[in-house]
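Please find below a short note on this model, written as numbered points. It is meant to be read with the sequence and the coordinates open alongside.

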Amino acid sequence: MQEIPEIVNSIKQAAELTGLTEDTIRYYEKIGLLPYADRKRNGHRVYSRDQIRGIIFLTRLKATGMTLEEMKRYRELSSRGNDTIPLRLSILEKHKQKIQKEISRLNETEKIIEFKIDHYREISQNPDLSDSNCTPTLK
């Protein structure tokens, strides 16, 4: 993971650190998913290390299937302080269960694909020439 400076002095740098586009960061601010960034005198956004870490965490939630509305709810709860920890914990536990189900589904799909790959390799290496459905390829 890239080192995050104490202060990030532009939306461009924030985008580079988080993997989001500048437009996405602006959009997330507009819909309330991210708080509006502080501004320098020239109007450029300034982000703290903690803000960048928070954005990165949100990107991980999104990458694992959490909706923008769910992410917004989670962030709103976070901004209210420690009294919301039980709710945030519940949200993350439910999301983790969803991720684990998806991982299981993907692992099962991987096994099916691996079976097919092995099957096709076997056929390629050992074609059954007596099979009427098998037509040898000319090289």
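This is a predicted model: local features need pLDDT of at least 70, side-chain atom pairs count only at pLDDT 80 or more; totals for chains, interfaces and linings use all residues.

The points that follow move from the overall chain to individual residues and then to the aromatic pairs.

1. Secondary structure. The protein chain contains five helices and three strands, and when these are read along the sequence the order is β-α-α-β-β-α-α-α.

2. Overall dimensions. The radius of gyration of the protein chain is 24 Å, whereas the globule rule gives 14 Å for 139 residues, so the chain is more spread out than a compact globule. Along the principal axes, the C-alpha atoms occupy a box of roughly 80 × 40 × 25 Å.

3. Of the 139 residues in the protein chain, 22% are buried, and the chain exposes about 10600 Å², of which carbon and sulfur atoms supply 53%. Among the contacts with a separation of 6 or more, 48% are between residues 24 or more positions apart.

4. Leu-17 and its surroundings. Helix α1, which covers residues 11–18, contains Leu-17, and this residue is buried, because its relative accessible area of 13% is under the 20% limit. Once residues up to four places away in sequence are set aside, Leu-17 touches Gln-2, Glu-3, Ile-4, Pro-5, Val-8, Ile-52 and Ile-56. The C-alpha atoms of Leu-17 and Ile-52 are separated by 7.5 Å, although the two residues are 35 residues apart along the chain.

5. Arg-53 as seen from Leu-17. Arg-53 belongs to helix α3 and is partly exposed, with a relative accessibility of 43%. From C-alpha to C-alpha, Arg-53 and Leu-17 are 9.2 Å apart in space, while in sequence they are 36 residues apart.

6. A buried loop residue. Where in the chain does Leu-33 lie? Leu-33 is in the loop between α2 (22–30) and β2 (38–39), and with a relative accessible area of 0% it is buried. Not counting residues up to four places away in sequence, Leu-33 touches Tyr-28, Leu-58, Leu-68, Met-71, Lys-72 and Arg-75.

7. His-95. Helix α5, spanning residues 85–125, is where His-95 is found. Is His-95 buried or exposed? At 6% relative accessibility, His-95 counts as buried, and, leaving aside neighbours within four places in sequence, its contacts are with Leu-61, Thr-64, Gly-65 and Met-66.

8. The model has two aromatic pairs by the ring-centre rule. Tyr-27 and Tyr-28 form a tilted pair, with 6.2 Å from centre to centre and 50° between the planes. Tyr-27 is partly exposed at 43% relative accessibility, whereas Tyr-28 is buried, with a relative accessible area of 5%.

9. The pair between two helices. The ring centres of Phe-57 and Tyr-74 are 5.8 Å apart and their planes are at 50°, so this pair is tilted as well. Why does the pair tie together parts that are 17 residues apart in sequence? Phe-57 lies in helix α3 (residues 49–63) and Tyr-74 in helix α4 (residues 68–79), so the pair links parts of the chain with that spacing of 17 residues. As for accessibility, Phe-57 is partly exposed, with a relative accessible area of 33%, while Tyr-74 is buried, with a relative accessible area of 12%.

Methods
Residues are numbered from 1 along each chain as its sequence is written. Side-chain values use heavy atoms; hydrogens and water are left out. Rings of Phe, Tyr and Trp (its six-membered ring) pair if their centres lie within 6.5 Å; planes under 30 degrees apart count as stacked, over 60 as edge-to-face and the rest as tilted. Buried means under 20% relative accessible area, exposed over 50%, partly exposed in between (1.4 Å probe, protein chains only). Helices (H or I, at least four residues) and strands (E, at least two) are DSSP runs, numbered from the N terminus. Contact means heavy atoms within 4.5 Å. The radius of gyration is taken over C-alpha atoms; the globule rule is 2.2 Å times the number of residues to the power 0.38. Accessible areas come from the Shrake-Rupley method with a 1.4 Å probe; for residues, only the protein chains shown count as cover.
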